[in-house]
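Visitor: I have a protein model on my screen and would like to learn how to read it. Could you take me through it step by step?

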Amino acid sequence: MFAVAPGTTSHLVSTAPIRFDVRSDHEAGGQLVCCQSGELELSGPSGQWLIPADHMVFIPKDRPFRIWSKVPTSLVVVKFCRDEVPWQHSGCWVGRISDFTARMLEYGQRWNAETDGADHLAASFFVTLGAMLPGWFNHERIMWTPYAKSTAVQRIVDLVLERGPNFSVTEAAEHVGMSERTLRRHLQAEIGQNWREFIREIRMNRAMELLRNNRESVTSTAFTLGFASSSAFTHAFSEYVGKTPSAYAKSFERSGTLLAAR
């Protein structure tokens, strides 16, 4: 599904809802992976990503990765085979699928792995699509749990993941034997996020986990994550994920059963 055979021209692959677990040392050209329903998980050299429905991720060329789905997930994969994407980020990036992006993907479904390399319309389409991609991902990194380069910063990441996002920067600094100023500086230098941005990522990823796996109410989830009210949580979650907590939780229900239960 993700492998690119030598000599293949750029094309799209779409799937019905399936479960899968794929690893790759590298794929040439890079791939745009769009989650239409369900949920994807991705890991690479710099961290892990959670990609819900109506979101997409770009995996740069020659990048090792593992991508999997624990729930039935439908997706569209755009395989770029001719260096059409002038990618500028240091690794994978997640973003929402806009209406325009969806229309572009729908149009591109006419080209598959058997597409003739001399098809000028196909070549023009993928060059245009590739040129648009950097603009679609011109935002801060989201849906990401980082892998730190140093042991000290990784201890901070592991600590927050274990204790929860209500853990304060003061407590974290004391735990790893740093001053708050040093901790903030190391965090920004290694993962490109300040403390507030880092905690927001952990909090939102934890929120998605609670809503899809634990059947917790929106109010219970909000207080578990340290929000002052369910309305504040709903606003923050909706802004981050693009749908309300209730709508997100319902997307994993089928006949009263949570598909995402682990």
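Visitor: Let me start with one side chain: is Arg200 buried or partly exposed?

Guide: Arg200 is partly exposed, with a relative accessible area of 26%. Buried means under 20% relative accessible area, exposed means over 50%, and partly exposed is in between, using a 1.4 Å probe and protein chains only. Before we go on, please note that this is a predicted model, in which local features need pLDDT of at least 70 and side-chain atom pairs count only at pLDDT 80 or more, while totals for chains, interfaces and linings use all residues. Residues are numbered from 1 along each chain as its sequence is written, and side-chain values use heavy atoms, with hydrogens and water left out.

Visitor: Which residue does Arg200 meet in a salt bridge?

Guide: Here is the general idea. Side chains of opposite charge can pair when their charged atoms come close. A salt bridge is counted when a side-chain nitrogen of Lys or Arg is within 4 Å of a carboxyl oxygen of Asp or Glu. In this model, Arg200 meets Glu201 at 2.8 Å, N to O. Glu201 is buried, with a relative accessible area of 0%. Salt bridges that share partners join Glu140, Arg200 and Glu201 into one network.

Visitor: How many salt bridges does a search of the whole structure find?

Guide: The search finds eight salt bridges. One of them joins the side chains of Glu39 and Arg212, at 3.0 Å from N to O. This pair links distant parts of the chain, with Glu39 in strand β4 (residues 39–44) and Arg212 in helix α6, 173 residues apart. Helices (H or I, at least four residues) and strands (E, at least two) are DSSP runs, numbered from the N terminus. Both Glu39 and Arg212 are buried.

Guide: Another salt bridge is between Lys243 and Asp54, whose closest N and O atoms are 3.9 Å apart. Lys243 lies in the loop between α8 (230–241) and α9 (245–250), and Asp54 in the loop between β5 (47–52) and β6 (55–59), so the pair ties together parts that are 189 residues apart in sequence. Asp54 is partly exposed, at 41% relative accessible area.

Visitor: Now a helix, please. Which residues of α5 are buried?

Guide: They are Leu183, Leu187 and Ile191. They cover an arc of only 30° around the axis, which puts them on the same side of α5; the arc is that of the directions from the helix axis to the C-beta atoms. On the face turned away from this buried side you will find the exposed residues Arg181, Arg185 and Ala189. The cover over the buried residues of α5 includes β9 (144–146), α3 (151–163), α4 (169–176) and α6 (195–213).

Visitor: How many residues does the largest nonpolar core have?

Guide: In soluble globular proteins, nonpolar side chains tend to be buried together. A nonpolar core is a set of buried Ala, Val, Leu, Ile, Met, Phe, Trp, Tyr and Cys residues joined through side-chain atoms within 4.5 Å. Here the largest core has 56 residues, and those with the most contacts inside it include Leu183, Trp195 and Phe237. Helix α6 gives the largest share of this core, nine residues. A second, separate core of 21 residues includes Leu32, Trp93, Trp111 and Phe137.

Visitor: And how many aromatic pairs does a search of the whole structure find?

Guide: A pair of aromatic rings is described by the distance of the centres and the angle of the planes. Rings of Phe, Tyr and Trp (its six-membered ring) pair if their centres lie within 6.5 Å; planes under 30 degrees apart count as stacked, over 60 as edge-to-face and the rest as tilted. The search finds 17 such pairs. Phe58 and Trp87 form a tilted one, 4.6 Å centre to centre with 45° between the planes. Phe125 and Phe126 form an edge-to-face pair, 5.0 Å centre to centre with 90° between the planes. Both Phe125 and Phe126 are buried. These four residues belong to one aromatic cluster, together with Phe80, Tyr107, Trp111 and Phe137.

Definitions and conventions: Contact = heavy atoms within 4.5 Å.
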